[in-house]
Amino acid sequence: MTLKQRYDRIDHEVSASCEACGRSADEVTIIGVSKTVGLEAVEEAVAAGIHDFGENRPQELARKRDAFPDERWHFIGNIQSRQLSTVVGRACLIHSLCERSHAEKIDRLAAELGIVQDVLIEVNDGEENKQGVQPDELFDMLMACSKLEHVRVVGLMTMAMRGSLGDARATFSDLRILRDTMRDKLARCGVQGVDLHELSMGMSDDYLEAIPQGATMVRVGRAIFSDDYAS
Ligand SMILES: *Cc1c(COP(=O)(O)O)cnc(C)c1O
């Protein structure tokens with residue numbers, strides 16, 4: 001199969017899944033995670049109709065964005081403070097914010113650029129050795145971010161552990177419930193401007209589990225870019 005054939009199949013499956021659960025297909029963005037491929041594959045992906053890309057290394061995001069400035073570049077990697085200046089302003093969305101100090105640094109960098117940086121808070125699904133804010137610390141993190149004028153939290157992100165699809169489904173469902181709880185709590189506290197509409201969840205192995213649970217963004221790497229990926 002070509003990249004376009006793989007992408008078309010995923011796009012159809014996502015649309016069918018949306019339809020099956022009463023959602024509109026345009027509520028879900030497929031992000032092509034291009035972190036393991038070069039510029040030629042990105043070019044092929046753009047020709048195939050992909051316009052959102054995910055990268056986990058700041059320099060690589062900058063390089064690919066320079067080559068394809070009209071596409072949307074999402075930062076999905078671990079944040080290192082000293083590399084944030086490469087990411088802020090270049091990434092349309094930072095999916096992986098989980099430290100308050102990083103939020104403050106993003107705020108300063110965005111202020112210098114005169115922009116508001118959109119971010120998602122990465123939530124840990126309870127597994128050890130994984131990054132992300134713990135669910136019981138999320139509210140404080142959201143409150144802290146709501147005070148930063150140049151950071152706009154637009155939703156939450158999580159990664160399911162590899163393993164059973166049932167576990168992935170539970171992780172995704174938990175994130176949605178947590179989002180709804182946070183919305184209520186923020187509203188009760190009179191916090192405005194944090195509406196958390198985006199849920200970034202689902203990867204090559206489990207994106208179809210994420211859609212019925214409310215994903216608005218799925219981050220798909222191997223199933224699009226790897227010709228030996230077997231689903
Ligand atoms: C690599 C990566 C993906 C894509 O993973 P695949 O299994 O290749 O689809 C998605 N999200 C994050 C955060 C990643 O690092």
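Predicted model: local features only at pLDDT ≥ 70, side-chain atom pairs only at ≥ 80, totals over all residues.
Hi everyone, let's start with strand β4, residues 93–97: five of its five residues are buried, so this strand is largely enclosed by the rest of the structure.

If you want a spot to look for on your screen, find H74, which stands opposite L93 in β4.

How does the chain get from β4 to β5? Helix α5, residues 100–113, makes a β-α-β unit together with these two strands, and the unit is right-handed. While we're at that helix, let me point out A111, which is found in α5. With a relative accessible area of 35%, A111 is partly exposed, because that value falls between the 20% limit for buried and the 50% limit for exposed. If you like distances, A111 and G163 are 52 residues apart in sequence, and from C-alpha to C-alpha they are 41 Å apart in space.

Now let's move to strand β1, residues 29–33. Is this strand largely enclosed or largely open? Four of its five residues are buried, so β1 is largely enclosed by the rest of the structure. Strand β8, residues 217–220, pairs with β1 in the parallel sense over four bridges. Within that pairing, I31 has R219 in β8 as its bridge partner. β1 also pairs with β2, again in the parallel sense, over two bridges. There you can find G32 standing opposite F53 of β2.

The structure holds one aromatic pair. The partners are F53 and W73, with 4.9 Å from centre to centre and 20° between the planes. Why do we call the pair stacked? The angle is 20°, and planes under 30 degrees apart count as stacked, which means this pair qualifies. F53 lies in strand β2, residues 52–55, and W73 in strand β3, so the pair ties together parts that are 20 residues apart in sequence. Both F53 and W73 are buried.

Next, the empty spaces. Rolling a probe the size of a water molecule over the atoms shows where empty space is left. How many cavities of 30 Å³ or more does the structure hold? There is one, and the space in the largest cavity comes to about 30 Å³. Its lining is made up of P58, F75, N78, I79, Q80, Q83, L84 and V87. Sorted by class, that lining has five nonpolar residues, three polar ones and no charged ones.

The largest pocket holds about 420 Å³ of space. It is lined by 19 residues, and V33, K35, I76, M159 and M203 are the ones nearest its centre. Here the classes are eight nonpolar, six polar and five charged.

I'd like to finish with two loop residues. P69 sits in the loop between α3, residues 58–67, and β3. Is P69 buried or exposed? Its relative accessibility is 53%, so P69 counts as exposed. P69 is 25 residues from E44 in sequence, and the two are 15 Å apart in space, C-alpha to C-alpha.

The other one is L196, in the loop between α7, residues 165–188, and β7, residues 198–200. With a relative accessible area of 0%, L196 is buried. Have a look at its backbone too: phi of L196 is near 55°, a positive value in a residue other than glycine.

Technical notes. Residues numbered from 1 in each chain as written. Heavy atoms only, no water. 1 Å grid on protein atoms, 1.4 Å probe; cavity = no way out; pocket = protein on both sides within 12 Å on 5 of 7 lines; lining within 4 Å. Points joined across faces, edges and corners; volume = space filled by probe spheres on them. Nonpolar A, V, L, I, M, F, W, Y, C, P; charged D, E, K, R; others polar. Buried < 20%, exposed > 50% of the residue type's maximum accessible area, 1.4 Å probe, protein only. Pairing = 2+ DSSP bridges. Right-handed = clockwise from strand over helix to strand, strands pointing away. Phe/Tyr/Trp six-rings, centres within 6.5 Å; stacked < 30°, edge-to-face > 60°.
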